[in-house]
Amino acid sequence: QVQLVESGGGLVQAGESLRLSCVASGSTWEISTMHWYRQAPGKQRELVASIRIGGTTIYADSVKDRFTISRDNAKNTVYLQMNSLKPEDTAVYFCNGKRVGQMNLSGYWGQGTQVTVSS
(Lines give C-alpha, C1' and ligand atoms only; values in the text may rest on other atoms or scores of the structure.)
Protein backbone atom coordinates (compact mmCIF):
# COMPACT_ATOMS: atom_id res chain seq x y z
CA GLN A 1 0.00 0.00 0.00
CA VAL A 2 0.99 3.57 -0.66
CA GLN A 3 -0.21 6.61 1.26
CA LEU A 4 -0.26 10.05 -0.37
CA VAL A 5 -0.63 13.31 1.53
CA GLU A 6 -1.06 16.63 -0.24
CA SER A 7 -0.41 20.09 1.15
CA GLY A 8 0.05 23.64 -0.04
CA GLY A 9 -3.43 24.63 -1.13
CA GLY A 10 -5.03 27.90 -0.18
CA LEU A 11 -6.75 31.09 -1.27
CA VAL A 12 -4.88 33.38 -3.65
CA GLN A 13 -5.69 36.16 -6.06
CA ALA A 14 -5.54 35.80 -9.82
CA GLY A 15 -1.99 36.06 -11.10
CA GLU A 16 -0.40 34.73 -7.92
CA SER A 17 1.39 31.44 -7.38
CA LEU A 18 1.11 28.35 -5.19
CA ARG A 19 3.19 25.23 -4.80
CA LEU A 20 1.50 21.97 -3.94
CA SER A 21 3.39 19.07 -2.39
CA CYS A 22 2.54 15.38 -2.25
CA VAL A 23 4.49 13.12 0.08
CA ALA A 24 4.35 9.37 -0.55
CA SER A 25 4.94 6.72 2.09
CA GLY A 26 4.62 2.96 2.32
CA SER A 27 5.43 0.76 -0.68
CA THR A 28 6.61 3.66 -2.81
CA TRP A 29 8.72 1.34 -4.94
CA GLU A 30 5.46 0.24 -6.57
CA ILE A 31 4.85 3.66 -8.10
CA SER A 32 5.87 4.31 -11.69
CA THR A 33 4.13 7.56 -12.55
CA MET A 34 2.82 10.40 -10.42
CA HIS A 35 0.01 12.71 -11.37
CA TRP A 36 -1.90 15.75 -10.25
CA TYR A 37 -5.63 15.82 -10.93
CA ARG A 38 -8.20 18.44 -10.04
CA GLN A 39 -11.94 18.52 -9.60
CA ALA A 40 -14.04 21.65 -9.62
CA PRO A 41 -17.59 21.69 -8.21
CA GLY A 42 -20.00 19.98 -10.59
CA LYS A 43 -17.24 18.85 -12.92
CA GLN A 44 -15.40 15.62 -13.57
CA ARG A 45 -11.95 15.00 -12.17
CA GLU A 46 -9.39 15.97 -14.79
CA LEU A 47 -5.72 15.25 -15.28
CA VAL A 48 -3.52 18.31 -14.81
CA ALA A 49 0.04 17.01 -15.04
CA SER A 50 2.01 13.78 -15.01
CA ILE A 51 5.61 12.83 -14.39
CA ARG A 52 7.32 9.53 -15.04
CA ILE A 53 10.06 8.09 -12.89
CA GLY A 54 12.59 9.17 -15.52
CA GLY A 55 11.35 12.75 -15.40
CA THR A 56 9.23 12.96 -18.56
CA THR A 57 6.32 15.34 -18.02
CA ILE A 58 2.91 15.85 -19.61
CA TYR A 59 0.52 18.75 -19.06
CA ALA A 60 -3.09 19.55 -19.82
CA ASP A 61 -3.37 22.30 -22.44
CA SER A 62 -5.14 24.53 -19.93
CA VAL A 63 -2.10 24.67 -17.62
CA LYS A 64 0.78 24.33 -20.06
CA ASP A 65 3.41 27.07 -19.60
CA ARG A 66 1.91 28.00 -16.20
CA PHE A 67 2.25 24.84 -14.11
CA THR A 68 5.34 22.72 -13.53
CA ILE A 69 5.36 19.21 -12.08
CA SER A 70 8.54 17.88 -10.51
CA ARG A 71 9.59 15.07 -8.20
CA ASP A 72 12.25 14.53 -5.58
CA ASN A 73 12.73 10.78 -5.46
CA ALA A 74 14.96 10.97 -2.39
CA LYS A 75 12.13 12.65 -0.47
CA ASN A 76 9.33 10.64 -2.11
CA THR A 77 7.70 13.96 -2.92
CA VAL A 78 6.02 15.37 -6.00
CA TYR A 79 5.42 19.06 -6.47
CA LEU A 80 3.10 21.17 -8.59
CA GLN A 81 4.29 24.72 -9.04
CA MET A 82 1.35 26.81 -10.19
CA ASN A 83 2.03 30.27 -11.57
CA SER A 84 -0.25 32.91 -13.08
CA LEU A 85 -3.25 31.32 -11.42
CA LYS A 86 -6.69 31.99 -12.84
CA PRO A 87 -10.14 31.74 -11.23
CA GLU A 88 -10.83 28.73 -13.44
CA ASP A 89 -7.98 26.90 -11.69
CA THR A 90 -10.15 26.78 -8.56
CA ALA A 91 -10.62 23.14 -7.62
CA VAL A 92 -9.63 20.41 -5.21
CA TYR A 93 -6.24 19.12 -6.32
CA PHE A 94 -5.44 15.45 -5.87
CA CYS A 95 -2.18 13.58 -6.00
CA ASN A 96 -2.27 10.18 -7.68
CA GLY A 97 0.32 7.44 -8.02
CA LYS A 98 0.05 4.60 -10.51
CA ARG A 99 1.80 1.27 -10.86
CA VAL A 100 2.89 0.10 -14.29
CA GLY A 101 -0.18 -0.71 -16.39
CA GLN A 102 -2.68 1.29 -14.35
CA MET A 103 -4.74 3.78 -16.32
CA ASN A 104 -7.30 6.55 -15.95
CA LEU A 105 -8.57 7.01 -12.38
CA SER A 106 -6.92 3.91 -10.93
CA GLY A 107 -3.99 3.93 -8.52
CA TYR A 108 -3.42 5.50 -5.12
CA TRP A 109 -5.03 8.81 -4.15
CA GLY A 110 -4.43 11.50 -1.60
CA GLN A 111 -7.20 13.28 0.25
CA GLY A 112 -6.96 16.42 -1.85
CA THR A 113 -6.09 20.04 -1.15
CA GLN A 114 -8.33 23.00 -1.96
CA VAL A 115 -7.06 25.73 -4.28
CA THR A 116 -9.22 28.82 -4.59
CA VAL A 117 -8.31 31.65 -6.94
CA SER A 118 -10.22 34.89 -6.59
CA SER A 119 -10.60 37.40 -9.42
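## An exposed loop residue

Asp 65 is exposed, because its relative accessible area is 80% (exposed means over 50%, buried under 20% and partly exposed in between, with a 1.4 Å probe and protein chains only). Asp 65 belongs to the loop between β6 and β7, where strands (E, at least two residues) and helices (H or I, at least four) are DSSP runs numbered from the N terminus. The phi angle of Asp 65 is near 75°, a positive value in a residue other than glycine.

Ser 84 also has a positive phi, near 50°, and is likewise a residue other than glycine. Ser 84 sits in the loop between β8 and β9 and counts as partly exposed, at 41% relative accessibility.

## Basis of the model

The model is predicted: local features need pLDDT of at least 70, side-chain atom pairs count only at pLDDT 80 or more, and totals for chains, interfaces and linings use all residues. Residues are numbered from 1 along each chain as its sequence is written, and side-chain values use heavy atoms, with hydrogens and water left out.

## Overall architecture

The protein chain contains zero helices and 11 strands. The C-alpha atoms fill a box of roughly 40 × 30 × 25 Å along the principal axes.

Of the 119 residues, 41% count as buried. The protein chain exposes about 6300 Å², of which carbon and sulfur atoms supply 50%; accessible areas come from the Shrake-Rupley method with a 1.4 Å probe. Contacts are defined by heavy atoms within 4.5 Å. Among contacts between residues at least 6 apart in sequence, 55% join residues at least 24 apart.

## The salt-bridge network

Five salt bridges are found in the whole structure, each being a side-chain nitrogen of Lys or Arg within 4 Å of a carboxyl oxygen of Asp or Glu. One of them joins the side chains of Arg 38 and Glu 46, with an N to O distance of 2.6 Å. Arg 38 counts as buried, at 6% relative accessibility, whereas Glu 46 is partly exposed at 35%.

Arg 38 also forms a salt bridge with Asp 89, the closest N and O atoms being 2.9 Å apart. This pair links distant parts of the chain: Arg 38 is in strand β4 (residues 33-39) and Asp 89 in the loop between β8 (77-82) and β9 (91-98), 51 residues apart. Asp 89 forms a salt bridge with Arg 66 as well, at 2.8 Å between the closest N and O atoms. Arg 66 lies in the loop between β6 (57-59) and β7 (67-72), so its pairing with Asp 89 ties together parts that are 23 residues apart in sequence. Both Arg 66 and Asp 89 are buried. Through shared partners, salt bridges join Arg 38, Glu 46, Arg 66 and Asp 89 into one network.

## Surroundings of Gly 10

Gly 10 is placed in strand β2 (residues 10-13) and is partly exposed, with a relative accessible area of 25%. Leaving aside neighbours within four places in sequence, Gly 10 is in contact with Leu 18, Gln 114, Val 115 and Thr 116.
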